[in-house]
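Keep the viewer open as you read.

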Amino acid sequence: MKILMVLTSHDKLGDTGEKTGFWLEEFAAPYYVLKDAGHEITLASPAGGQPPLDPKSDTPDAQTDATRRFKEDEAAQAHLASTEKLDTIDVSAFDGVFYPGGHGPLWDLAESAVSKAIIEDALTAAKPVALVCHAPAVLKNVTAPNGDPIVKGRKITGFTNQEEDAVGLTDVVPFLLEDVLIEKGGTFSKQGVFEPYVVRDGLLITGQNPPSSEPAAEKLLEALEGK
């Protein structure tokens with residue numbers, strides 16, 4: 001099957017002068033889960049080309065088996081360096097969608113009309129959409145066919161207020177993901193800080209944090225297989 005992975009192009013952490021972007025583990029783990037299952041992956045981002053990597057996700061203590069595999073995988077590195085522009089994507093060509101997190105999506109993808117349309121069109125066409133960590137913030141402006149927020153009445157998770165506080169960015173981010181999803185009517189649930197946790201509500205799959213990225217991709221595989 002064909003899977004679309006959507007990454008951020010935003011690299012500025014508010015006005016702190018620090019860099020942000022996508023979180024390496026949240027890209028690498030799902031990438032290999034989907035690739036190893038035999039699926040074809042297309043990478044896209046708002047600006048196209050190489051998406052910005054959050055430098056904090058590239059430190060020695062943030063490495064996992066998946067990130068170490070990526071570091072040795074020249075083909076995957078070349079793939080990531082040449083993402084397609086999001087506004088050239090026709091979601092009807094894909095069977096499912098995955099959004100890695102990192103703080104970057106809070107600024108660009110959460111406000112992107114193109115991303116909004118991709119998610120709405122995918123769900124309307126009965127295609128599963130999975131988002132992990134900060135990426136569920138991208139749902140904040142997405143609506144159902146009746147005009148309601150897409151998360152209204154749905155079970156959902158994402159990076160929690162407690163986790164944002166733990167990384168010291170509560171006052172830097174443009175909004176708190178947990179608060180926004182609850183305001184939009186989502187039934188938000190969570191586990192402990194940085195404990196893996198994934199929620200599936202029909203075609204919508206959300207993971208709480210970086211350790212949830214691999215299980216979120218596995219839930220997407222189940223959805224693709226009609227389980």
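His39 sits in the loop that links helix H1 to strand E2 (40-45); helices (H or I, at least four residues) and strands (E, at least two) are DSSP runs, numbered from the N terminus. With a relative accessible area of 14%, His39 counts as buried, where buried means under 20% relative accessible area, exposed over 50% and partly exposed in between, for a 1.4 Å probe and protein chains only. The side chain of His39 reaches the backbone nitrogen of Met1 at 3.1 Å, a polar contact being a pair of N or O atoms within 3.5 Å; within protein, one must be able to donate a hydrogen and the other to accept it, and residues adjacent in sequence count only if both atoms are side-chain atoms. Not counting residues up to four places away in sequence, His39 touches Met1, Ile3, Leu34, Leu221 and Leu224, with contact meaning heavy atoms within 4.5 Å.

A word on what you are looking at: this is a predicted model, in which local features need pLDDT of at least 70 and side-chain atom pairs count only at pLDDT 80 or more, while totals for chains, interfaces and linings use all residues. Residues are numbered from 1 along each chain as its sequence is written, and side-chain values use heavy atoms, with hydrogens and water left out.

Which residues of H7 are buried? They are Ser213, Ala216, Ala217, Leu220, Leu221, Ala223 and Leu224. Seen down the axis of H7, these buried residues fall within an arc of 160°, so they line one face of the helix; the arc is that of the directions from the helix axis to the C-beta atoms. Their cover includes E1, H1, strand E4 (96-99), E5, E8 and E9. After H7 comes Gly226, with a positive phi near 75°.

H1, one of the elements covering H7, is itself mostly covered, with 11 of its 13 residues buried. Among them are Phe27, Tyr31, Tyr32 and Leu34. H1 spans 18 Å from its first C-alpha to its last, close to the 18 Å expected. Just after H1, Gly38 takes a positive phi of about 95°.

Next, look at strand E9 (residues 204-207), where Leu204 and Thr206 point one way and Ile205 and Gly207 the other, and all are buried. On which strands does E9 pair in the parallel sense? Strand E5 (residues 129-132) is the parallel partner, over 4 bridges, and Val129 has Leu204 as its bridge partner in E9. Strands count as paired if DSSP finds at least two bridges between them. Strand E8 (residues 198-201) runs antiparallel to E9, joined to E9 by 4 bridges, and Val198 is bridged to Gly207. The hairpin of E8 and E9 has 2 residues between the strands, and there Gly202 takes a positive phi near 65°.

Now for two loop residues. Thr8 lies between strand E1 (2-6) and helix H1 (24-36) and is buried at 0% relative accessibility. Its side chain makes a polar contact with the side chain of Asp108 at 2.8 Å, and a polar atom of the Thr8 side chain lies 3.0 Å from the backbone nitrogen of His10. Beyond its neighbours within four places in sequence, Thr8 is in contact with residues including Phe22, Pro46, Pro51, Gly104 and Leu109. The C-alpha atoms of Thr8 and Ala110 are separated by 9.7 Å, although these residues are 102 apart along the chain.

Ser57, in the loop between E2 and helix H2 (65-71), is likewise buried, at 0% relative accessible area. A polar atom of the Ser57 side chain lies 3.1 Å from the backbone nitrogen of Leu24, and the contacts of Ser57 beyond four places in sequence include Phe22, Trp23 and Gln63.

Finally, step back to the whole chain. The chain has 7 helices and 9 strands. Its radius of gyration is 16 Å, close to the 17 Å that the globule rule gives for 227 residues, so the chain is as compact as a globular protein of that length; the radius is taken over C-alpha atoms, and the rule is 2.2 Å times the number of residues to the power 0.38. Of the 227 residues, 53% count as buried. Among contacts between residues at least 6 apart in sequence, 76% join residues at least 24 apart.

Definitions and conventions:
Expected span 1.5 Å × (residues − 1).
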